[in-house]
Amino acid sequence: MTESEQEQSDRQKYEFKKVIEELQEYNGSGTQLVTIYVPPDRRISDVVAHVTQEHSEASNIKSKDTRTSVQDALKSIKDRLKYYDTPPENGMVLFSGAVDTGGGQSDMVTEVLEDPPQPIQSFRYHCDSDFLTEPLADMLTDKGLFGLVVLDRREANVGWLRGKRVDPVKSATSLVPGKQRKGGQSAQRFARLRLEAIDNFYQEVAGMANDLFVPKRHEMDGILVGGPSPTKDEFLDGDYLHHELQDMVLGKFDVAYTDESGLHDLVDAASDVLDEHEILQDKQVMETFFQELHDGNRATYGFEQTRENLVMGAVDRLLISEDLRKDVVEYECPDGREAYEFVDKTESTPSFECPSGDVVEEGEREDAIEFLMNIADQRGSETIFVSTDFEKGEQLLNAFGGVAGILRYSTGV
């Protein structure tokens, strides 16, 4: 994945994450919030037929308020589906229902999320007091793309780990004879034939892995190999894999099973390696930031200083904490000057006193991450979202306000 593609992916994930968090805040007074997951291969006509059937069955709901709310939600979803001939490439998720606004009041909310980060796997209809967001949230906590190989001397499986989803792709069984030789064969000849069969099987497994992984090697984050101790060691030490793939092996892990379930066991066994790999880029960029902060002059932090450096075009990499939840309020003073305040999303918009002493009561409010990313896009700065799952990532959020930058040159700001 290129740098620009990664940045676009990060932006899309943030936008989805923001919508998901908003949806998670909603509650219905009963089981009246409807969620529908539509995979890319599902015909829209089939979805409409299902919604129509659910609308009819909802007439049996005893509570009049719940019955009305569910039927209104389904009608709203059906109206939205009229705009689609086919689902988007990765599918879509529809949310609709009457959400509580306090004081016994409710508002109808309908959202359609198109093309989530990963394809939706199956059709799901869900009706509850909350919207079903967990499958989408899982897509946003992905750990990249990893190749998986599990093998012993009897069988092997290769596949992918895409985010949190394991996809088995190819399998093979061996012709390696057992350790007991048949009568009439010398022990030496039997041992030689057995070694040849093992070598042939390892070559077959490597061929499956090479065919699957080599075309994707520039998109992959690594390869995991599992199996019983002698087998996986022999396979890797024998250099059966393509040389570029050999360099991408992140680790070998003891796994008891080598069928499709063994691929899942391999992911479980490698969980620490995967967690470490996921935040490796974040750790590296924060190390660079702290180096510049202490020993150089190309670091900036805090909202206002980072904003000024962004506007000047001096920021090479904009660092934003994944857990930043702030807004920016832009004020225009009577003398034409612009000023900015960095406020929590839960805070009401404050008034602002201009240098002239004039007080501006209202300002234009915008999500802080979108505000900063828009400037970064205009100035050619790369945006990196930094996890809080390690110490320096936490410091970015708590000690530096969740916003920092590595500069192209020193500005003195």
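This is a predicted model: local features need pLDDT of at least 70, side-chain atom pairs count only at pLDDT 80 or more; totals for chains, interfaces and linings use all residues.
Let me begin with the bond between C333 and C354, where the torsion about the S-S bond is about -95°, so the disulfide is left-handed. A disulfide is a covalent bond between the sulfur atoms of two cysteines, and here the term is applied to a pair of cysteine sulfur atoms within 2.5 Å. The sulfur atoms of C333 and C354 lie 2.1 Å apart, and a search of the whole structure finds one disulfide. This pair links distant parts of the chain, 21 residues apart, with C333 in the loop between β12 (326–332) and β13 (338–344) and C354 in the loop between β14 (352–353) and β15 (359–360). Helices (H or I, at least four residues) and strands (E, at least two) are DSSP runs, numbered from the N terminus.

Residues are numbered from 1 along each chain as its sequence is written, and side-chain values use heavy atoms, with hydrogens and water left out.

The pLDDT, which is the predictor's confidence in each residue, from 0 to 100, has a mean of 89 over the chain, and 94% of the residues reach 70 or more. Confidence is lowest in helix α1 (residues 3–25), at a mean of 78, and highest in strand β18 (residues 403–407), at 97.

Are the cysteines buried or exposed? Buried means under 20% relative accessible area, exposed over 50%, and partly exposed in between, with a 1.4 Å probe and protein chains only. C333, at 3% relative accessibility, counts as buried, and so does C354, at 4%, whereas C127, at 28%, counts as partly exposed.

Turning to the interior, a nonpolar core is a set of buried Ala, Val, Leu, Ile, Met, Phe, Trp, Tyr and Cys residues joined through side-chain atoms within 4.5 Å. The largest such core has 25 residues, and those with the most contacts inside it are V149, L151, F213 and F235. Among the elements that give two or more residues to this core are β5 (145–151) and α5 (187–213), and α5 supplies the largest share, nine residues. A second, separate core of 20 residues includes F303, A314, I320 and A368.

Finally, if we take contact to mean heavy atoms within 4.5 Å, the residues that V149 touches include V205, A209, F213 and F235, not counting residues up to four places away in sequence.
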